[in-house]
Amino acid sequence: MVFITPRNQTRSASSSTPVQSSRENRHLLQGPDLTNSLNGVLCRFRKEPIAFTCDVEGMFHQVFVNPEYRNLLRFLWWDNGNVDSTPTEYRITVHLFGATSSPGCANFTLKRTADDFEELFGSEPATFVKKDFYVDDGLKSVPSATEASALIKSTKSLLAKGGFNLHKFISNSKEVIEAIPKEQRASGINELDLSRDILPIERALGVQWCVQSDALQFRVVLKDKPLTRRGILASISSIYDPLGLAAPFLLQGKQILQDLCKNQAAWD
């Protein structure tokens with residue numbers, strides 16, 4: 001497998017993410033699907049009053065590729081983007097974003113870390129990692145701020161044993177946020193005065209989370225689409241709603257689309 005990536009800046013073979021052609025990607029095995037259910041993670045996130053989200057920093061790049069497989073991840077590099085010069089050949093040493101095999105390998109490693117250190121740190125952080133992460137995003141809700149702070153601390157320690165760093169924390173509890181070092185908080189709350197400022201709106205797995213009111217919400221911006229079957233379908237599909245919360249409000253638009261399909265209207 002060859003990756004060809006002329007760039008104007010230098011980057012390390014162990015941390016870069018070259019462009020991977022889909023032709024070569026077809027030869028990679030995806031492996032078992034170890035990703036948790038998106039709906040399940042979001043529903044459990046709404047279960048208890050104190051909620052928080054976090055992120056595994058550079059998750060794919062924390063998982064090394066076995067040395068015997070690194071020849072399959074070779075790529076060519078032209079200094080200063082000069083494709084007329086002789087390229088240098090490098091090998092990727094970590095799993096890269098965009099490879100078919102990366103999600104399976106990274107998810108396996110994350111959950112294996114939870115299994116390996118469950119006895120040392122307890123079942124709660126291990127269960128959080130295994131059940132309430134969607135790839136590199138962790139979403140969790142617990143009964144109290146004290147439990148949330150303790151869970152964050154123990155989960156960070158557990159994952160650090162596997163080389164993973166949890167960061168970008170945000171919570172609907174200012175008490176929980178205050179217990180987290182500033183450098184580990186989400187960028188949107190780093191400079192907030194927690195004694196008087198309102199917590200912002202963040203994204204939780206693509207859904208807008210109003211942290212201050214602890215509510216999921218939708219911000220619909222209707223773009224100027226043509227009044228055609230294609231335009232109506234585009235407008236309806238533009239609202240990301242994995243839990244179906246906005247479904248009753250979309251019925252009228254879907255009914256119009258259904259009528260157009262019955263009448264065999266052309267796309268445009």
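The side chain of Asn 36 has a polar atom 2.7 Å from the backbone oxygen of Phe 133. That is a polar contact (a pair of N or O atoms within 3.5 Å; within protein, one must be able to donate a hydrogen and the other to accept it, and residues adjacent in sequence count only if both atoms are side-chain atoms). This is a predicted model, in which local features need pLDDT of at least 70 and side-chain atom pairs count only at pLDDT 80 or more, while totals for chains, interfaces and linings use all residues. Residues are numbered from 1 along each chain as its sequence is written, and side-chain values use heavy atoms, with hydrogens and water left out.

**Around Asn 36**

Asn 36 sits in the loop between α1 (22–25) and α2 (38–45). Helices (H or I, at least four residues) and strands (E, at least two) are DSSP runs, numbered from the N terminus. Which residues does Asn 36 contact, leaving aside neighbours within four places in sequence? They are Val 41, Lys 111, Lys 130, Lys 131, Asp 132, Phe 133 and Tyr 134. Contact means heavy atoms within 4.5 Å.

**Accessibility compared**

Buried means under 20% relative accessible area, exposed over 50%, and partly exposed in between (1.4 Å probe, protein chains only).

| Residue | Relative accessible area | Class |
|---|---|---|
| Asn 36 | 15% | buried |
| Cys 54 | 4% | buried |
| Cys 261 | 37% | partly exposed |
| Phe 218 | 31% | partly exposed |
| Asn 80 | 67% | exposed |

**Cysteines**

How many disulfides does the structure hold? It holds zero. A disulfide is a pair of cysteine sulfur atoms within 2.5 Å.

**A nonpolar patch**

Phe 218, Val 220, Leu 222 and Leu 245 make a nonpolar surface patch of about 380 Å². Patch residues have over 30% relative accessible area and no salt bridge; like charges are joined within 9 Å, and nonpolar side chains (Val, Leu, Ile, Met, Phe, Trp, Tyr) within 5 Å. A salt bridge is a side-chain nitrogen of Lys or Arg within 4 Å of a carboxyl oxygen of Asp or Glu. Phe 218 belongs to the loop between β10 (215–217) and α8 (229–237).

**Positive phi**

Most residues other than glycine have a negative phi. Asn 80 has a positive phi near 60°. Its place is the loop between β3 (74–77) and β4 (88–91). Asp 214 also has a positive phi, about 55°. Asp 214 lies in the loop between β9 (207–210) and β10.

Note on methods
Areas by Shrake-Rupley, 256 points an atom, 1.4 Å probe, with all protein chains shown as cover.
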